[in-house]
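Hi everyone, thanks for making time for this one. I'd like to walk you through a single model, so let me put it up on the screen.

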Amino acid sequence: FASKTGMPILPVAIIGTEDRAVMENLKAFRKSKIHIVAGKTFTLPSIKSSDEAGLENATTEIMCRIAVNLPEKYRGFYADNPRLKELLSGA
């Protein structure tokens, strides 16, 4: 959708929701430490829905832009991605 409309995407990382304590705190009306980090907006090039490689590249771009804002231990599958390393280096 973002590719077809040219609308900017805001990558947002949410940190602190992975802990089981969050649900327990909600049940007891206690605060939890949850951090939300927004990156810089960006746009994707126009991609046809039949272009699987283009869609995969767009997905990788979005996920790497989110991963930039996550602590290293939460980057998972994208931790060693060349695009993530490029974004982290500021290139």
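**Pocket, rings and overall shape**

Let's start with the largest pocket, which has a volume of about 150 Å³. Do keep in mind, as we go, that this is a predicted model.

Which residues line that pocket? The lining is made up of Pro11, Gly39, Lys40, Arg65, Val68, Asn69 and Leu87.

How many aromatic pairs does the count give? The count comes to one aromatic pair. The partners are Phe77 and Tyr78, with ring centres 5.1 Å apart and planes at 80°; planes over 60 degrees apart count as edge-to-face, so this pair is edge-to-face.

Now, are those two partners buried or exposed? Phe77 has a relative accessibility of 75%, and the cut-off for exposed is over 50%, so Phe77 counts as exposed. Tyr78 has a relative accessible area of 15%, and buried means under 20%, so Tyr78 is buried.

Let's zoom out to the whole chain. The protein chain has four helices and two strands. Reading from the N terminus, the order is α-β-α-β-α-α. The radius of gyration is 16 Å, whereas the globule rule gives 12 Å for 91 residues; the chain's value is well over that, so the chain is more spread out than a compact globule.

For those of you who like to think in boxes, the C-alpha atoms fill one of roughly 50 × 30 × 20 Å, taken along the principal axes. As for burial, 26% of the 91 residues in the chain are buried.

One last stop: Glu24. Where is it found? Glu24 belongs to helix α2, which covers residues 21–27. Its relative accessibility is 41%, which lies between the 20% and 50% cut-offs, so Glu24 counts as partly exposed. And here is a pair to find on the screen: Glu24 and Gly90 are 66 residues apart in sequence, and their C-alpha atoms are 39 Å apart in space.

Methods: Residues are numbered from 1 along each chain as its sequence is written. This is a predicted model: local features need pLDDT of at least 70, side-chain atom pairs count only at pLDDT 80 or more; totals for chains, interfaces and linings use all residues. Side-chain values use heavy atoms; hydrogens and water are left out. On a 1 Å grid over the protein atoms alone, a cavity is a set of points where a 1.4 Å probe fits but cannot get out, and a pocket is an open set with protein on both sides within 12 Å along at least five of seven lines; lining residues have an atom within 4 Å of a point. Grid points are joined across faces, edges and corners, and a volume is the space filled by probe spheres set on the points. Rings of Phe, Tyr and Trp (its six-membered ring) pair if their centres lie within 6.5 Å; planes under 30 degrees apart count as stacked, over 60 as edge-to-face and the rest as tilted. Buried means under 20% relative accessible area, exposed over 50%, partly exposed in between (1.4 Å probe, protein chains only). The radius of gyration is taken over C-alpha atoms; the globule rule is 2.2 Å times the number of residues to the power 0.38.
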